[in-house]
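Trainee: Could you walk me through this one before I set anything up?
Mentor: Gladly; have a look first, and then ask away.

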Amino acid sequence: MKNKKLVIIGTGETAHLAYEYFTFDSDYKVVAFSVNKNYIKEKTFLNLPVVEFENVEKFYPPNEYFVFVALASGKLNRDRMKMYNLTKEKGYKFASYISSKAFVWHNVEIGENCFILEDNTLQPFTKVGNNVVMWSGNHLGHRSEIKDNCLITSHVVICGCSTIEENCFLGVNSTIADYVTIKKDNFIAMGAVVNKKTKENSVYIGNPAKRAEISALEYCGV
């Protein structure tokens, strides 16, 4: 029986996917959606009520409901991070979705408001921070860490003893070598192979990956 009631923040594609995964592969029951009042187009979404985020706690009190912030990677994850922080200020507890079809070793540490989809492999002693998205089919090698507000797309390989710092985006089929640190605010392009420590606020492209002239914040419109 689903005894945890969940409000999803967002009504876009990520929110629709979150509804699907939480509904059919978790012990949470989605009861409503919430967005800023300026973004409300309809009063319902997926046959559930949509309420103004500004007043969500009046309808769904923080002591009775969990929330999940279901936004994508806009502005180098800043959009999702901002809404996560605003929701936290309201006093809510956050749900994390971890697919039953993911391999997660028993001593892995996973934070709140995470979205870890099918076919992810999280090896021993790995850590995942808060507000992290891992789409399907990624590999997080032993003793590696993904810090807060990152988005890992699909089929990304993060080799052992590596660190992904805050607010990074790792594109499809990118590879991070052993013992490499990806500094915060990095955009790692699709198929890039990073074999040495990066610099903050940077875009890396190619194999081996090279730093682009444009900054990551500028590239992502922050």
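**The largest pocket and its lining**

Mentor: Among the elements, H3 gives the most to the lining of the largest pocket, with four residues. This is a predicted model, in which local features need pLDDT of at least 70, side-chain atom pairs count only at pLDDT 80 or more, and totals for chains, interfaces and linings use all residues. Residues are numbered from 1 along each chain as its sequence is written, and side-chain values use heavy atoms, with hydrogens and water left out.

Trainee: What do you count as a pocket?
Mentor: On a 1 Å grid over the protein atoms alone, a pocket is an open set of points where a 1.4 Å probe fits, with protein on both sides within 12 Å along at least five of seven lines, and lining residues have an atom within 4 Å of a point.

Trainee: Which residues lie nearest its centre?
Mentor: The largest pocket is lined by 20 residues, and Asn36, Tyr39, Leu71, Asp79 and Met83 lie nearest its centre.

Trainee: Which elements each supply at least two residues of that lining?
Mentor: Helix H1 (13–24), strand S2 (28–35) and helix H3 (78–89) do, where helices (H or I, at least four residues) and strands (E, at least two) are DSSP runs numbered from the N terminus.

Trainee: Switching to S2, why is it largely enclosed?
Mentor: Seven of the eight residues of S2 are buried, so the rest of the structure largely encloses that strand; buried means under 20% relative accessible area with a 1.4 Å probe, protein chains only.

Trainee: And which strands pair with S2?
Mentor: S1 (residues 4–9) pairs with S2 in the parallel sense over six bridges, and S4 (residues 48–52) runs parallel to S2, joined by three bridges; pairing requires that DSSP finds at least two bridges between two strands.

Conventions:
Buried means under 20% relative accessible area, exposed over 50%, partly exposed in between (1.4 Å probe, protein chains only).
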